[in-house]
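Please look through the notes that follow with the model open beside you. They take up helix packing and then the surroundings of the ligand.

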Amino acid sequence: MSKVRIYTLAKDLGVDNAKMLEILDSLGVSYKSVSSTIEEDTVGLIKEMLAEEAASGTGAATSTDTTEADAAQTPTPQNISSQNTPTQAAPAPATAQSVPQPAVTATAEREPEAPVNTQPELPHRAPVVTIMGHVDHGKTSLLDYIRKTKVAAKEAGGITQHVGAFEARTSKGKIVFIDTPGHEAFTTIRARGANVADIAIIVIAADDSLMPQTREAIAHAQAAKVPMLVAVNKIDLPQADPERVKTDLTTLNLVPEEYGGDTIVVPVSARTGEGVEDLLEYISLTAELEDLRADPKGSFSGVVIESRVDRQAGVLATVMVQEGTLHVGDFLVVGEGYGKIKAMTDSNGGRIKEAGPSTPVQVLGFSEAPASGEKVVSAKNEHAAREVIAQRASDRRDAENARTQRKKTLEEMMGP
Ligand code: GTP
Ligand code: MG
């Protein structure tokens, strides 16, 4: 009996992946992730369910924010599971048995539609992906390959700048990548208590397997609770042993899907490009399930990815826009410093006037280089910026005084 991958089926039936998983849940079908396979028997049931939904006007491709309401109307045909035996009757009779039943319970139990969240939904934003892994396992090469094949050839005539982050355009939409210098993995995944990256790619060389910084990167991603994808790189090498990497991963409780776990492992070669499309596809699938949204009209907030001082231009800081929109002329506050944006460039080195959520931009206008991982907010004008800074300075002094006072009290208590 043939099997079909969940995301392939979702694509074929024109529903989003989250919706597909919701349907599988309601059918009691078990799966590990959207790349798990399901039996063909189940496919028939899913089609029936979608047809029924369409007929009753509940909308097959609607948003997925109503999981709880949906759970209440779950048809729960417990007899159906992914373990359907091949001996079971053909899809048609099985469907005929189970479908009328939920239709009845649903109408009987369900009062008018559960109240839906009336707040307008924020627009989707592109996923921010950070690449981590051991030295020389091919992080930069992988990004270079993606950049070369997925970034418009704008750079040809322009200045090649190291922005530390770039936007790739794929058939699935925009993906933002952050280049991670091995020793700074932490700041690019999580900064000041907030996540910078939405997805972490752990790059592991197929000829080297798990190394100390691989474990460190995995620990960081787990601590930040960021979904992880494993890219097993350098599979073009004759000594490459991707199977060993998969086995080794299980020792960290990361069990690859082929072994019945839920860790997505994608074999790739940054040299030949093999598998890179698959990796991009998995990133898009993961992002879709995360349902990433941000308000481009809200107040601006972002984070410093990196900064440096250019002898001619001055301080150049790469800022990731997280919420709101950044404009040339805006005042930005970082720590106890501020700056007015004189100019902005996108990751291709092109001049831009504004930048919305999930956009990495290089900003010119800070008087001092802000530290990586610092939070950035905007202020209406210079006066407002100074006020924010004054408040922060005063808060910091208060905290310092309190600490000194505590120490003094403690010393007094201990006596001479
Ligand atoms: P650090 O930034 O120092 O941590 O290294 P990195 O992980 O960015 O590795 P980098 O991309 O610099 O690659 C290290 C070496 O591996 C280079 O010599 C690359 O040419 C080589 N390399 C990277 N990817 C591949 C690959 O897929 N196949 C082969 N054969 N070599 C690769
Ligand atoms: Mg590198």
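1. The axes of α2 and helix α3 (residues 40-56) come within 11 Å and cross at roughly 110°, where axes are lines fitted to C-alpha atoms, for helices over the stretch in contact, and angles run from 0 to 180 degrees between N-to-C directions. α2 and α3 are therefore roughly perpendicular to each other, a term that covers angles of 65 to 115 degrees. Helices here are DSSP runs (H or I, at least four residues), numbered from the N terminus.

2. On the α2 side, Lys19, Met20, Ile23, Leu24, Ser26 and Leu27 meet Thr42, Leu45, Ile46, Met49, Leu50 and Glu53 of α3, contact meaning heavy atoms within 4.5 Å. The residues of this contact divide into 8 nonpolar, 2 polar and 2 charged; Ala, Val, Leu, Ile, Met, Phe, Trp, Tyr, Cys and Pro count as nonpolar, Asp, Glu, Lys and Arg as charged, and the others, Gly among them, as polar.

3. This is a predicted model, in which local features need pLDDT of at least 70 and side-chain atom pairs count only at pLDDT 80 or more, while totals for chains, interfaces and linings use all residues. Residues are numbered from 1 along each chain as its sequence is written, chains are lettered from A and ligands numbered from 1 in the order in which they are written, and side-chain values use heavy atoms, with hydrogens and water left out.

4. Helix α2 (residues 17-27) also meets helix α11 (residues 276-290), their axes coming within 8 Å and crossing at roughly 70°. Asn17, Ala18 and Leu21 of α2 make this contact with Leu285, Glu288 and Leu289 of α11, and the residues involved divide into 4 nonpolar, 1 polar and 1 charged.

5. Which residues are closest to ligand 1? Of the 15 residues that surround ligand 1 (a heavy atom within 4 Å), the closest are Lys139, Thr140, Ser141, Asp236 and Ala270. An oxygen atom of ligand 1 is 2.7 Å from an N or O atom in the side chain of Lys139, and a backbone N or O atom of Ala270 lies 2.8 Å from an oxygen atom of ligand 1.

Notes:
Polar contact = N/O pair within 3.5 Å; in protein donor to acceptor, adjacent residues only side chain to side chain. Helix = DSSP H or I, 4+ residues; strand = E, 2+ residues; numbered from the N terminus. Parallel < 35°, antiparallel > 145°, perpendicular 65-115°, else oblique.
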